[in-house]
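Let's take a walk through a protein model, one piece at a time. Keep the 3D view open while you read.

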Amino acid sequence: LDMVTLTGEKIDIYILTPPPSSEWVYMDTEICTGHGKVTYTIPDSKSLTQGLYPVKMIVRGDHTSADSNLAVLPQNTECVIFSIDGSFTASVSIMGSDPKVRPGAVDVVRLWQDLGYLIIYVTGRPDMQKHRVVTWLSQHNFPHGMVWFGDGISKDPLKQKTILLKNLKADNKLIYAAGYGSSKDIAVYSQLGIEPDRIFIVGKVSKKQANQSTWLNGGYSVHLDKLSVGGLKPGKVNAQMLLKNDCFGLPGQPINKRSHSMKRRTGTR
């Protein structure tokens, strides 16, 4: 709610290089807009190889920071989408008092990850709730994936979710292999070109919706058994080789301010 106070602030952007060096490298400084946001495009001179890169953005004025991840992927990376609210949680909303996870949900996500698919978590919730949502995923040992939020508060979150996933697919040449969610997500996934037998729905569905999706009437645990014996094929582009094959971790490794200033003076990438 206080993002507007960031207007005009200078934001220093750092990216953590892969092991064995694992050093925070200064990329650039951007100025916050009136909405407290920054946009940064990595120039060709600082292009990154394929992999997952932790990103830290530090407000120069008070040294507060925001953590994120950048995935550099080959074209045609196969992904599986998981809508968080109403499908993972046994209660209505993830914003409740630590809602319980539906039995077997974590294992289903892990199976897709082990087969080399990129995991995409999506929610229509505004990005200001990022920390709380990612903390919940971490506390319940969900496999690591890319988490996408709505851009601010929307009157039509499902439409916003559809636009987000369409743009993500087109801009990054992704392939959506399957989608999980509640009955509200059926229309979203259908517009993305996902076949009904790969649209997996938790909770109640109408007779009409039953023909447009696959209802997990036995829950995730029964679904996991079916997937395990169903001969699922590994992802054609193995995201497991590029990204973390583990669970979420809470943000951040601290930055050594001395090494930062050295890199900025010498121009080391």
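The buried residues of helix α6 pack against α1 (105–114), β8 (175–181) and β9 (199–201); contact here means heavy atoms within 4.5 Å. Helices (H or I, at least four residues) and strands (E, at least two) are DSSP runs, numbered from the N terminus.

Which residues of α6 are buried? In this helix, residues 219–229, they are Y220, H223, L224 and L227. They sit on the same side of α6 because they cover an arc of only 105° around the axis, going by the directions from the helix axis to the C-beta atoms. Over on the other side, D225, K226 and V229 are exposed. Buried means under 20% relative accessible area, exposed over 50%, and partly exposed in between (1.4 Å probe, protein chains only). After α6 comes G231, with a positive phi near 70°.

## About the model

This is a predicted model, where local features need pLDDT of at least 70 and side-chain atom pairs count only at pLDDT 80 or more, while totals for chains, interfaces and linings use all residues. Residues are numbered from 1 along each chain as its sequence is written, and side-chain values use heavy atoms, leaving out hydrogens and water.

## The sheet

Now look for an open sheet of six strands, in the order β7-β6-β5-β8-β9-β10, with parallel pairing. β7 and β10 (214–215) are at the edges with a single partner strand each, so one side of each has no neighbour in the sheet. Two strands count as paired if DSSP finds at least two bridges between them. β9 and β10 run parallel and are joined by two bridges, and I201 has W215 in β10 as its bridge partner.

Strand β6 (residues 118–126) is mostly covered, with eight of its nine residues buried.

How does the chain get from β6 to β7, and what is the handedness of the crossover? The chain goes through helix α2 (residues 130–139), and this β-α-β crossover is right-handed: with the strands pointing away from the viewer, the path from the first strand over the helix to the second runs clockwise.

α2 lies across β6 and β7, at about 145° to β7. Axes are lines fitted to C-alpha atoms, for helices over the stretch in contact, and angles run from 0 to 180 degrees between N-to-C directions.
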